[in-house]
Amino acid sequence: MPNNIDDLIERQLICANCEERVREDYASTVRGEIFCNTCYNELFSACGRCGDTKYQEDLVYSDVLEDDFCSSCFDDLHTKCTECGEVLAYDHVGTVSSETDEDYCEECYNLTFTKCKECGCEIEREGNEDHCCEECLGKREVVEV
Ligand SMILES: [Zn+2]
Ligand SMILES: [Zn+2]
Ligand SMILES: [Zn+2]
Ligand SMILES: [Zn+2]
């Protein structure tokens, strides 16, 4: 059956990387280019969030989320500690300061801020030996007078 043989030859594709012939069912197509499964797995990875296939080198590995992400997803999912620059994942983030609206890792947050012992609101640690916010301090003074 010559027709079938022709079909078979036509279906044998060439891998864009190793230039080996590859059967259609062992090939993957990335942006119009054919890759054998071996090369595909070596060269590409899918973004852990949007599933987009990217060159490995275009993906950023997140230690926090233990997955590869394309740069836009990485930016969407991560932030940096304002103090030490540590990369943080938004859902693992230490704390966002309500006062400065900046992200902190837990360690830096605890070094920078503390809670008012009266009302529990966020206050900067520096110059606050009383661990009391201005509002509560004001109230206390009024009571004491
Ligand atoms: Zn190949
Ligand atoms: Zn992505
Ligand atoms: Zn930090
Ligand atoms: Zn207070």
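Predicted model: local features only at pLDDT ≥ 70, side-chain atom pairs only at ≥ 80, totals over all residues.
User: What makes glutamate 19 exposed?

Analyst: Glutamate 19 has 10 other C-beta atoms within 10 Å. The exposed class takes 12 or fewer. Glutamate 19 is therefore exposed.

User: Where is glutamate 19 found, and what is its phi?

Analyst: Glutamate 19 is in the loop between β1 (12–14) and β2 (21–23). Its phi is near 60 degrees, a positive value in a residue other than glycine.

User: Why is histidine 131 called partly exposed?

Analyst: The count for histidine 131 is 13 other C-beta atoms within 10 Å. Exposed needs 12 or fewer, and buried needs 20 or more. A count of 13 falls in between, so histidine 131 is partly exposed. The residue sits in the loop between β14 (122–124) and α5 (134–144).

User: What class does phenylalanine 44 get, and why?

Analyst: Phenylalanine 44 has 16 other C-beta atoms within 10 Å.

User: Which residues is phenylalanine 44 in contact with, beyond four places in sequence?

Analyst: Val30, Thr53, Lys54, Tyr55 and Gln56. Contact means C-beta atoms within 7 Å, so each of these pairs meets that limit. For valine 30 and phenylalanine 44, the C-alpha distance is 9.0 Å. That is another pair of atoms, and the 7 Å limit applies to C-beta atoms. The two residues are 14 apart in sequence.

User: How do you know that β7 and β8 pair?

Analyst: Strand β7 (residues 59–62) and strand β8 (residues 67–70) share four bridges. Pairing takes at least two, so the strands count as paired. Their sense is antiparallel. Leucine 59 has cysteine 70 as its bridge partner. Valine 60 stands opposite phenylalanine 69.

User: What lies between the two strands of this hairpin?

Analyst: Four residues. In the hairpin, glutamate 66 takes a positive phi near 50 degrees.

User: What makes the seven residues of the largest nonpolar core a core?

Analyst: The set is Cys47, Leu59, Phe69, Cys70, Cys73, Phe74 and Leu77. A core needs buried nonpolar residues joined through C-beta atoms within 7 Å, so each member has 20 or more other C-beta atoms within 10 Å. The largest share, three residues, comes from α3. There is also a second, separate core of six residues, with Cys15, Val22, Phe35 and Tyr40 among them.

User: Which residues does phenylalanine 69 touch, leaving out those up to four places away?

Analyst: Cys47, Gly48, Arg49, Leu59, Val60, Ser62, Phe74 and Leu77. Among them, Cys47, Leu59, Phe74 and Leu77 are also listed in the largest core.

User: How many helices and strands does the protein chain have, and what share is buried?

Analyst: The chain has five helices and 14 strands. Of its 145 residues, 16% count as buried. Among contacts with a separation of 6 or more, 11% join residues 24 or more positions apart.

Technical notes
Residues numbered from 1 in each chain as written. Chains lettered and ligands numbered in written order. Contact = placed C-beta atoms within 7 Å.
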